[in-house]
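Biologist: I would like to know what stands behind the terms used for this structure. Please set each label against its rule.

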Amino acid sequence: MHLLQRLRFPPEFSDPKQTHVARILHSISVTIIIAIVFIIIASFLSDKMIAVRSLSLGLPVVLFAFWLNQRGRVNLAGLLIVLSFLGLHTYLAWSGGGIRDIAIAVFPILLVIAGLLLEGWVLALLTGLTILSLTVIVIAEVQGVLVITPEVFVPAYDLMVIVTLCLITAVTMHFLKKDLIQSIRQLRQNEQALAKANDELRREIAERKQAENALQEYQATLQTRSESLAIINTITDTLHQSFDAHQVAQQAVQALVTDLQIPATAILTYDEKNSLLCVIASHGLPSWLLQETQSFPLGESLSGHALMRQEIIRCPDIQAEPRIYPSVQRSLQVIGMHSTLIIPLTYLSYKLGVLNLFFHDAEQMVAARHETVLAIAKSISLALANARYVNQIEIEIQERKEAEQALQVERDFAHQIVTNMGQGLSVTDAEGKFSFVNPAFTQMLGYAPEDLQGKTPFDIAAEGEQETLLTVQYNRRSGRATSYETRLRHVDGHAVDVLITGVPQWQGDVFQGTIAVITDLTERKQAEKAQLRFANQLETAVNIAKQVNAILDPEELFPTVVNLLQSRFDLYHVHIYLLDSKCGKLHISAGSGEIGQQLLQRQHYISIDEKHSLVARAAREKVSIWVNDVSKEPDFMPNPLLPSTQSEIAVPVIAHGAVLGVLDVQEDTPYSFSESDVDVLRILAGHIAIALQNANLFAARKEAELRLAELVTELETRNAELERFTYTVSHDLKSPLITIKGFLGLLEKDLAAARQDRIEADMTRIRTAAIIMEQLLHDLLELSRVGRIMNPPEMVAFTTIVEEARERVAGQLSTGRIALKVMNDLPDVYVDRTRIVEVMQNLLDNAIKFMGDQANPQIEIGATCQANKCVCFIRDNGMGIDPRYHDKVFGLFDRLDPSIEGTGIGLALVKRIIEVHNGRIWVESEGSGKGSTFFFTLPREAPGV
C-alpha cells in the first residue's frame, strides 16, 4: 500500500521549482515503469529475449531514480533516467534493427524529457551523446561492423513500444503546456512587480520632499529660538543693572511690550504684611485704569490665586472668569483686552509678586513666546529679590541710626539699666580711664571687670585704631556725643568690631568723663561681608554668564567655565560632568588645572547610581548638595588626585526639567561655603544649561545644514538614477517583452502545425526573455530596498561571509576552472551579514564573468585593518578595466561589454550597500588584460564603542 501511495502522489518540497521538476520526473518515472512491464510482457509473447534482458536491467535503474526523486535528489534522478535509457535504447538498436529499429523513436522523446528535467549545459551534452550514438550505429552498419538480421515484424511488441512512446509524449506535452502557462503567468507577475517598483520610487521621492519641508520648518524654529535667547539676555542684562524695585519692574514691563510685542503688561508686588498685591509698574495700560486698580486683596483676585498656588494661569476669556473683579473686567473690555496670562514671581521660597500679560484675544495669547516669557519672568524674580535684599540692608541702616538717636535722647535712663542690658557699657573718668564696665562689655572682650579697671580705651584698642580714639576723645571733651565704629582687642588677641556710642558727662562746665554703649558688630559685619561677597559673586556670575553665552563650542565652553570659576572665586577645584543618559554615567567634561587634565585623560566618570557620590546624588535628586565638612558626610567620594578637599557643592545643570550634568566645586578648608554661594552656583548652572543648549542648537543647525547639502546631492544622484531607470524601462525591459510577444505568435503557429522541432526552440527563447526580465526586475527591487530594508548589524567573521559567497558561485568557479585563494586570519566586521554576502557574491560573479580567455584564472580575497575599519579586496587576473571607466562601472545600467550576460545593476547595488555601511568602494586596474582589484571598507565595531 505504501508503494502504491508513492506511485500515485508526487513528492512536494519547499522550493517551487524543485517541486515542479519532481512532479514531471514522477509522472515520467511511473509511465516508464508501466511501459517497461508491458514491453517485457510483449517481448515474452514475441520471443524477443534481447528486449527482455535489457529492460529487466533498466527497471531497477528507474526504481532507484524514483527513490532518489522521493528523497529530493531531483536533478540526480533525472540525469540517471535519461543516461540509463540513452544507453539502453542504443544497445537495443545495436542488437536489433539498427537505425531502423523501433527503439530509435525513443531518442527524441528522451531529449524532450531531458529538456524538462536537466540544466542547459547537461542538455547540450546529452544531445551530443545522442547524435554520437546514432552516428556510430549508422557508420557501423555502412562499414559492415553491425550486421542487421532480417527484420521480423512483431505486432504486439511494436504496438506496446508505440503506445509507450505516445504516453510519454502525452505526459511531456502536458508539462510543456503547464510550463508555457506558468511562463505567461510569471510574465504578468513581472509586469505587476515593475508597476510596484515604480510606485515605490514615486513614494520615495514624495518622502524626500516631506523631509525637505520638515528641515525648513526646523530651521525656522531654530531661528525663532535664537532670537528669543537674544531678547532674554538683553532684558536680563538690563534688569541686573539696578537694585531699585520700581526701576527694575518698569524696565521689565517696557521690554516685554517693546521686544515681545505684548499689548500690555503689569507687575504687582506682594505686600506680605497687609496681604495685598500692589501695582508697581505697567506699560500699555491707561492711567485711569491703574488708579481704579492700584491694589488687590491676595485671596480675592486671580493674580493672588496664581501667587498662592505658585502656578501659571492662562485665561483666554477674561469676561468668563469669575475670580476677576467686575470693575476690572469692564475696564479691560473698554481698552480691548480679552485674554490674560498670569505668572507668579518667586525666588527660592519667597513670594515676590506676579507678572500680568494682557492680550486682545486668545489667539494672540497662544501665539506669544511662552518659553521666552517664562525665562524673562525668572530674571525679573531674581532682580526683584536682589532689590529686596538691598532694601532690607538700607532699612537696617536706617533703624540703626534711629537707635543711635534714641540712645542720645535717653542717656540718663541708660545708667539705671546698665547692669542688665545686653549691650556693653563703660564709664570713663576725665582722664579717660575705665571707672565702670558692665558684664556684657567684659564678656564681649573676654576680660574680667577688674582687668579693665584703671585702663583706658587706648589699652584695648586694636592696632591702627588709636587715631580714631584721639579724634573721638577730642569731640567728647568739646561736648559732642559720638557714635563710631572701631575695633577692640579681645583677650586672645583677635579684633572685635564694635559700634561705640559715647556721651560726655558734665558737672556744670567741668568735663567729668564719658558714658559709652558698646554694640558688638561681629554678626552684622559678617552679614555685611556675606552680602558684599554675594553681590560680588552675582556680579562675577553675570560677567561669567556673558562670556559663557558667547561661546557656541562645548569643547571651548566647559574649560572656560571651570577656569573662570576657579580664578574669580579662588576655589580649590572645579569640575563639570555631563550626563550620558543611555549608559547612566556622568563623564567629566572639564576640570580646572593640571588635575583636571589628568582626569580628562583618564576619562573619569561617575555612575549615576553611585550611592557614595555627592555628584551622582545631585543628578539623581535634581537638587543642589552642600557639604561644609566632607569628613562627616557618608556620601562623599574621595578622589586620590584631590586629597585636600574639605567642603563641596554639587549643583545639577538642568534644562526643561532634564538633568544635563553637574557643576561641582571644592574647597580645601571646612565651612568655606554659604547659602549665597549655593545660590550663585545655581544661577551659574542655569546659565551653563542655557549656553549648552545654545551650543547644541548651533551644532544642530550646522549639522542640519550639512545634512541638507547631503540630501540635495543625494537627490540629484537619485534623479539621475531615475532618468537612467526610465530609459531602462523603455529599452531594456521592452526588448524581452518584444521577444516574448514575437515568439508567442510563432509558438501558436508551430503548435497549430504540430512542428515539434520548433516548439522547444520557441519556448527556450520565451523562457530566456522572461528570465532576463525577471532578473532585471529583481535587481531593480533589491537596489531600491537597500538603505530602507536592512537587517540588524552584527559582529561576524569575514571568513564566514566569504565562505557563504563562495558556495553560491561554486558551480561557476568549477566550470571555469578558477582557483580561489582566501587570506588566513580575516578580521571580524560589524555588518548586515546578508547584504555583505550579496556584495561578495556579486563581486565574485563579476570577476568570473570578466575572466576572459585567461589560461590560469585566479581570484584572491583578503582584508587589512585600519583603525576602526577594514579594507577588503577581491583581485582577479582577468580582462581588466581601462582607467577611464573606473568610476563608470559603478553606475546604474552601465555595462562596458554588452555581450556578457548581466543587467548592469550588480555593481550599483554593491556600491549602495557599502555606502549604507558608511564605507566606500573603488576599483584599481592598469588596463585591458591586466586584471582588476575591487576595494571596499567595512566597520570593525558598532558605532560609539
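Biologist: Why is the crossing of α28 and α29 called left-handed?

Modeller: A crossing gets that name if the near helix is turned anticlockwise from the far one by less than a right angle, and is right-handed if clockwise. α28 passes α29 in the left-handed way. The residues in contact, meaning heavy atoms within 4.5 Å, are Arg835, Ile836, Glu838, Val839, Asn842, Leu843 and Asn846 of α28, and Gly906, Leu907, Leu909, Val910, Ile913 and Ile914 of α29. By class, this contact has 8 nonpolar, 3 polar and 2 charged residues. Here Ala, Val, Leu, Ile, Met, Phe, Trp, Tyr, Cys and Pro count as nonpolar, Asp, Glu, Lys and Arg as charged, and the others, Gly among them, as polar.

Biologist: What are the limits of these two helices, and at what angle do they pack?

Modeller: α28 covers residues 833-849 and α29 residues 906-916; they pack at about 145°, with their axes 9 Å apart. Axes are lines fitted to C-alpha atoms, for helices over the stretch in contact, and angles run from 0 to 180 degrees between N-to-C directions. Helices (H or I, at least four residues) and strands (E, at least two) are DSSP runs, numbered from the N terminus. This is a predicted model, in which local features need pLDDT of at least 70 and side-chain atom pairs count only at pLDDT 80 or more, while totals for chains, interfaces and linings use all residues. Residues are numbered from 1 along each chain as its sequence is written, and side-chain values use heavy atoms, leaving out hydrogens and water.

Biologist: Are arginine 835 and glutamate 838 buried or exposed?

Modeller: Buried means under 20% relative accessible area, exposed over 50%, and partly exposed in between (1.4 Å probe, protein chains only). Arginine 835 has 5% and is therefore buried. Glutamate 838, at 17%, also counts as buried.

Biologist: Which residues do salt bridges with shared partners join into one network?

Modeller: They are Arg617, Glu621, Glu633 and Asp635. Glutamate 621 meets arginine 617 at 3.7 Å, N to O; both lie in helix α22 (residues 614-621), 4 residues apart. Arginine 617 also bridges to aspartate 635, with the closest N and O atoms 3.2 Å apart. That pair links distant parts of the chain, aspartate 635 being in the loop between β15 (625-627) and β16 (647-655), 18 residues from arginine 617. Aspartate 635 has 18% relative accessibility and therefore counts as buried, whereas arginine 617, at 22%, counts as partly exposed. Glutamate 621 is partly exposed at 43%.

Biologist: How many salt bridges does this rule give?

Modeller: The count comes to 11.

Biologist: What is the strand order in the sheet of 6 strands?

Modeller: The order is β3-β2-β1-β6-β5-β4, the sheet is open and the pairing antiparallel. The edge strands are β3 (295-297) and β4 (313-315), each pairing on one side only. Two strands pair if DSSP finds at least two bridges between them. β1 (residues 264-271) and β6 (residues 350-359) have 6 bridges, so they count as paired. Threonine 269 stands opposite glycine 353 in β6.

Biologist: Why is histidine 490 called buried?

Modeller: Its relative accessible area is 16%, and therefore histidine 490 is buried. Not counting residues up to four places away in sequence, histidine 490 touches Met444, Leu445, Gly446, Tyr447 and Val496. Histidine 490 and leucine 445 are 45 residues apart in sequence and 4.6 Å apart in space, C-alpha to C-alpha.

Methods:
A salt bridge is a side-chain nitrogen of Lys or Arg within 4 Å of a carboxyl oxygen of Asp or Glu.
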